Amino acid sequence: MSDTDPGERGRLHIAERVVERVAGYAVTLVPDATAAPRRVLGRSMGQRDEEDEAKVSAEVHGGTASVHATIAVRWPASVRAVAQEVRTRIRDDLTHITQVTVDHVDIDVVSLPAETTRTRRVR
């Protein structure tokens, strides 16, 4: 056994990709927030599954991260309220799981998909 203090034995580096995956999954846990649909030339291409992670990028410097997430908010939910809940969920999950402090979270809401339930028409 070593006599050195555990805090002095080495460092733990959390990769940016780990932070991105945790933050992307955190978005899926917020009601009315989903991954944004894939876009090509400014047009949405298809639908996303409920379990799809949001597109997230992160920069980690030491123990501090800056996060940018691109999401969709289900219509008619409040964009402001959902974005705030996403920010809080990302901060809490990253702090709890990775011990990384979140400096700020930028949210881009790029789509407001409506519920896709179809009603039958009577003729």
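A: Happy to. One term first: helix axes here are lines fitted to C-alpha atoms over the stretch in contact, and angles run from 0 to 180 degrees between N-to-C directions. Keep in mind that this is a predicted model.

Q: Great. At what angle do the axes of α1 and α2 cross?
A: Roughly 135°, and the axes of α1 (residues 16-28) and α2 (residues 79-98) come within 9 Å.

Q: Which hand does the crossing have, left or right?
A: The crossing of α1 and α2 is right-handed. On the α1 side the contact is made by V18, V19, V22, A23, A26 and V27, and on the α2 side by V86, R89, I90, D93, L94, I97 and T98.

Q: And T98, is that buried or exposed?
A: T98 counts as buried, because its relative accessibility is 8% and the cut-off for buried is under 20%.

Q: What does T98 touch, then?
A: Leaving out residues up to four places away in sequence, T98 touches I14, V18, V22 and D93. A polar atom of the T98 side chain also lies 2.5 Å from the backbone oxygen of L94.

Q: Switching to strands: which residues of β4 are on the covered face?
A: V56, A58 and V60 are on the covered face, while K55, S57, E59 and H61 are on the uncovered one. In a regular strand the side chains alternate between the two faces of the sheet.

Q: How many bridges join β4 to β5?
A: Seven, and the two strands run antiparallel. K55 stands opposite T70 in β5. Two residues lie between the strands of this hairpin, where G62 takes a positive phi near 65°.

How values were computed: Residues numbered from 1 in each chain as written. Predicted model: local features only at pLDDT ≥ 70, side-chain atom pairs only at ≥ 80, totals over all residues. Heavy atoms only, no water. Buried < 20%, exposed > 50% of the residue type's maximum accessible area, 1.4 Å probe, protein only. Helix = DSSP H or I, 4+ residues; strand = E, 2+ residues; numbered from the N terminus. Pairing = 2+ DSSP bridges. Polar contact = N/O pair within 3.5 Å; in protein donor to acceptor, adjacent residues only side chain to side chain. Contact = heavy atoms within 4.5 Å. Left-handed = near helix turned anticlockwise from the far one by under 90°.
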